[in-house]
Amino acid sequence: MKVTTTAIQNGHFEDKYGKRGEQFSPNGMPTYSIPLEITDAPEGTKSFALVLEDKDAVGAAGYVWVHWLVANLHRTSLPENDSISATDYVQGRNSWSGKLGGLSAEEASFYGGMAPPNADHRYELYVYALDCDLDLQAGFGFNELHFAMQGHILEQAYLVGVYKL
């Protein structure tokens, strides 16, 4: 299985998917989500799950920053900015909800863009092919997703890109 995105050019995420973009929540969270394409999914795939995370955030925030969680995805292609209006998959809670405090549950449950505070950061996208749909509700957490996926992962794909300070 493979995941690709046109959001990464020469190893770097384009500005529009993060803090130098033009679309933000009322509290300042970048909300313009990346496009992606999944190919060569294994036989028996019933759904996909996505995790977009920033492990470099540990130095600034003290923990891995979760930017996007998706479960029960049945498509293999997401156009850019799909997170803001999609209703055919379930989105989890991102780490922006804790930083901005006043985010509504809906705002915290979609793509929260890249905004490295201290240096260039690497952003990692994991795509999991699953043999089922997961019993998760909108706003689910990182751990909930990983526990629900246990025993159901057929294959995973990975990509990484840098967003400049």
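Reader: In which loop is Ser95 found?

Author: In this predicted model, Ser95 belongs to the loop that connects β8 (90-91) with α2 (96-100).

Reader: Why is Ser95 called buried?

Author: The relative accessible area of Ser95 is 12%. Buried means under 20%, and Ser95 is therefore classed as buried.

Reader: Which residues does Ser95 touch, leaving out those up to four places away in sequence?

Author: Ser95 touches Tyr63, Val64, Trp65 and Val66.

Reader: What makes the approach of the Glu124 side chain to the side chain of Tyr158 a polar contact?

Author: The distance is 2.7 Å. A polar contact requires a pair of N or O atoms within 3.5 Å, one able to donate a hydrogen and the other to accept it; the pair formed by Glu124 and Tyr158 is therefore listed as such a contact. The side chain of Glu124 also makes a polar contact with that of Tyr126, at 3.4 Å. Not counting residues up to four places away in sequence, Glu124 touches Tyr158 and others, including Val51, Leu52 and Leu159.

Reader: What makes a group of residues a nonpolar core, and how many residues has the largest one?

Author: The term requires buried residues of the nonpolar kinds joined through side-chain atoms within 4.5 Å. The largest such core has 28 residues, and Phe13, Ile34, Leu50, Trp68 and Leu125 have the most contacts inside it. At least two residues come from each of β4 (36-39), β5 (47-54), β6 (65-73), β9 (121-130) and β10 (153-163). The greatest contribution is that of β9, with four residues. A second, separate core has 15 residues, among them Ala49, Leu130, Leu134 and Phe140.

Reader: Why are β1 and β4 said to pair?

Author: Pairing needs at least two bridges between the strands. Three bridges join β1 to β4, and the two strands therefore meet the criterion, running antiparallel. Within this pairing, Lys2 stands opposite Thr39 of β4.

Reader: Why are β1 (2-4) and β7 (77-78) called edge strands?

Author: The open sheet has three strands in the order β1-β4-β7, with antiparallel pairing. Each of β1 and β7 pairs on one side only, and they are its edge strands.

Technical notes:
Residues are numbered from 1 along each chain as its sequence is written. This is a predicted model: local features need pLDDT of at least 70, side-chain atom pairs count only at pLDDT 80 or more; totals for chains, interfaces and linings use all residues. Side-chain values use heavy atoms; hydrogens and water are left out. Buried means under 20% relative accessible area, exposed over 50%, partly exposed in between (1.4 Å probe, protein chains only). Contact means heavy atoms within 4.5 Å.
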